Amino acid sequence: MPDPLVREDPYGADPGSDPAPDPAPDPTPPAPVPAPAVPLLGTAVVGVLGFFVLGAVSSALGPALPALRARHDLDASGAALLLVAFSLGATLGVLLAGAARHRVPDRASLAAGAALVLTGCVLLPQVPSAAGALGALLLTGAGFGVVDLLLNLVLAAAGPRGSLLMAVSAAFGLGAVGAPLLIGWRPEHVDLPFWACAGGALLLSALLLRLHLPALRHRPLPVARRTGPVAGRAAVALLGAVLLGYVTLEGGVAGWESTHLRASTGASPSRAAAAVALFWGGLTLGRLLAAPLVARLHPRRLLLLALGAATLSLLAAALPGAAVLAYALAGLAIAPVFPAVIAWHAAHRPDGGGVLVLFAAALAGPVLTAPVTGALVDAHGAQAVPWVLAALAAGTTALVLVTCFVKALR
């Protein structure tokens with residue numbers, strides 16, 4: 001191919017003649033070479049599959065917890081350690097993925113995260129001991145954290161104003177609803193959703209290794225005015241604490257609702273698992289309804305409304321006849337919390353500073369609270385579950401009130 005920058009003589013000068021003098025330089029700058037088109041379809045497929053697997057993995061453990069307790073002869077405190085292992089792995093996965101972004105391409109890290117999810121989901125149904133189950137959930141959680149962080153960052157940069165991320169994140173809700181329904185459909189085959197998650201993770205790994213996705217390359221953070229270092233750190237710390245409270249509530253309901261319903265209402269395994277799916281359905285619907293609210297209400301006002309409603313809903317869940325509906329309403333209520341916190345953070349740290357802290361804090365929530373919940377269930381029975389969750393919701397609401405007085409977040 002000829003060099004496009006070499007100018008040829010349009011008159012076809014004789015090769016033996018004297019060379020013509022160089023033409024005057026053209027003052028017109030060369031037209032910029034257009035950048036290759038970003039294959040949004042391939043990126044969207046990866047996002048949909050990835051979020052579907054993440055949703056299924058995160059929602060399967062709660063309905064499967066009673067069966068895992070019986071299989072490994074665990075009390076409530078021992079079962080809480082299973083939740084802790086998954087959350088601890090997810091936190092470590094986020095930290096590892098964040099540290100590796102400067103050295104490892106995002107696509108390779110995503111493929112490695114999917115492989116960890118695959119390994120953990122394959123091992124969990126086969127390990128004969130509680131220690132093996134803890135190790136399998138630690139691996140699954142680590143893969144979850146890697147994929148969760150990088151999918152959010154990559155998809156947020158792939159479309160204008162995060163439009164692609166908003167569009168495909170609904171797949172998380174589909175996976176979160178599907179896994180409990182699968183357990184409810186075949187309660188005697190409680191391992192079935194983990195095998196399904198393993199198959200989804202295998203397909204995700206294959207797609208990431210074979211598809212050329214330029215959208216997964218690093219993009220520089222925008223340069224923007226930022227708050228002072230002390231105020232900025234305080235803002236990130238407070239918002240991280242609020243997000244930690246949210247994930248604690250989400251994980252608490254998803255992890256303990258089935259146990260509470262089976263003990264307090266006599267619900268069958270199928271009905272208890274279907275009720276967890278109803279909670280995830282309420283959360284998914286709430287995310288869709290909250291999208292216009294995030295643009296119209298200040299995040300702190302939206303957070304106060306959402307967490308206040310969640311507190312009342314979880315108090316109502318202590319009534320056996322209202323528990324299923326109350327948990328579904330709690331999912332609907334807490335749905336705006338995550339996007340509201342992210343929007344609040346983006347408004348005060350448009351350079352993206354502290355986002356890794358936010359994700360790590362969010363996923364670490366059950367590490368701190370699941371053992372406490374398990375100990376209270378051992379001491380007072382499963383009837384303590386809604387009271388513990390309501391207290392967590394009230395505490396997170398109070399934390400939002402504190403942030404209203406922090407100058408860096410106004």
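Visitor: Which exposed residues does the face of α7 turned away from its buried side carry?

Guide: Bear in mind that this model is predicted. Exposed means over 50% relative accessible area. On the face of α7 turned away from the buried side, the residues that are exposed are Leu202 and Arg210.

Visitor: How large an arc do the buried residues of α7 cover around the axis?

Guide: The buried residues of α7 are Pro193, Phe194, Cys197, Ala198, Gly200, Ala201, Leu204, Ser205 and Leu208. They sit on the same side of α7, because the arc they cover around the axis is only 165°.

Visitor: What covers the buried residues of α7?

Guide: Contact here means heavy atoms within 4.5 Å. By that cut-off, the cover over the buried residues of α7 includes α1, α3 and α6.

Visitor: How far apart are the end C-alpha atoms of α7?

Guide: α7 has 19 residues. At 1.5 Å a residue, α7 should therefore span 27 Å. The model agrees with that, as the end C-alpha atoms of α7 are apart by 28 Å.

Visitor: Which element gives the most to the lining of the second largest cavity?

Guide: That cavity has a volume of about 40 Å³. Its lining is made of Gly50, Val53, Leu54, Ala114, Val117, Val147, Ala201 and Leu204. Two or more of these residues come from each of α1, α3 (106-123) and α7 (192-210). With three residues, the element that gives the most is α1.

Visitor: How many charged residues are in the lining of the second largest cavity?

Guide: Seven residues of this lining are nonpolar. One is polar. The number of charged residues is none.

Visitor: Which elements give two or more residues to the lining of the largest cavity?

Guide: There are two cavities of 30 Å³ or more, and the largest has a volume of about 40 Å³. Val57, Leu61, Phe86, Leu124, Leu137, Thr140 and Phe194 line the largest cavity. The elements that give two or more residues to that lining are α1 (40-72) and α4 (130-158).

Visitor: Is Trp185 buried or exposed?

Guide: Trp185 belongs to helix α6 (residues 170-185). The relative accessible area of Trp185 is 57%. The cut-off is over 50%, so Trp185 counts as exposed.

Visitor: How far apart in space are Trp185 and Ser270?

Guide: In sequence, Trp185 and Ser270 are 85 residues apart. In space, C-alpha to C-alpha, Trp185 and Ser270 are apart by 6.4 Å.

Conventions: Residues numbered from 1 in each chain as written. Predicted model: local features only at pLDDT ≥ 70, side-chain atom pairs only at ≥ 80, totals over all residues. Heavy atoms only, no water. Helix = DSSP H or I, 4+ residues; strand = E, 2+ residues; numbered from the N terminus. Buried < 20%, exposed > 50% of the residue type's maximum accessible area, 1.4 Å probe, protein only. 1 Å grid on protein atoms, 1.4 Å probe; cavity = no way out; pocket = protein on both sides within 12 Å on 5 of 7 lines; lining within 4 Å. Points joined across faces, edges and corners; volume = space filled by probe spheres on them. Nonpolar A, V, L, I, M, F, W, Y, C, P; charged D, E, K, R; others polar. Expected span 1.5 Å × (residues − 1). Arc of directions from axis to C-beta.
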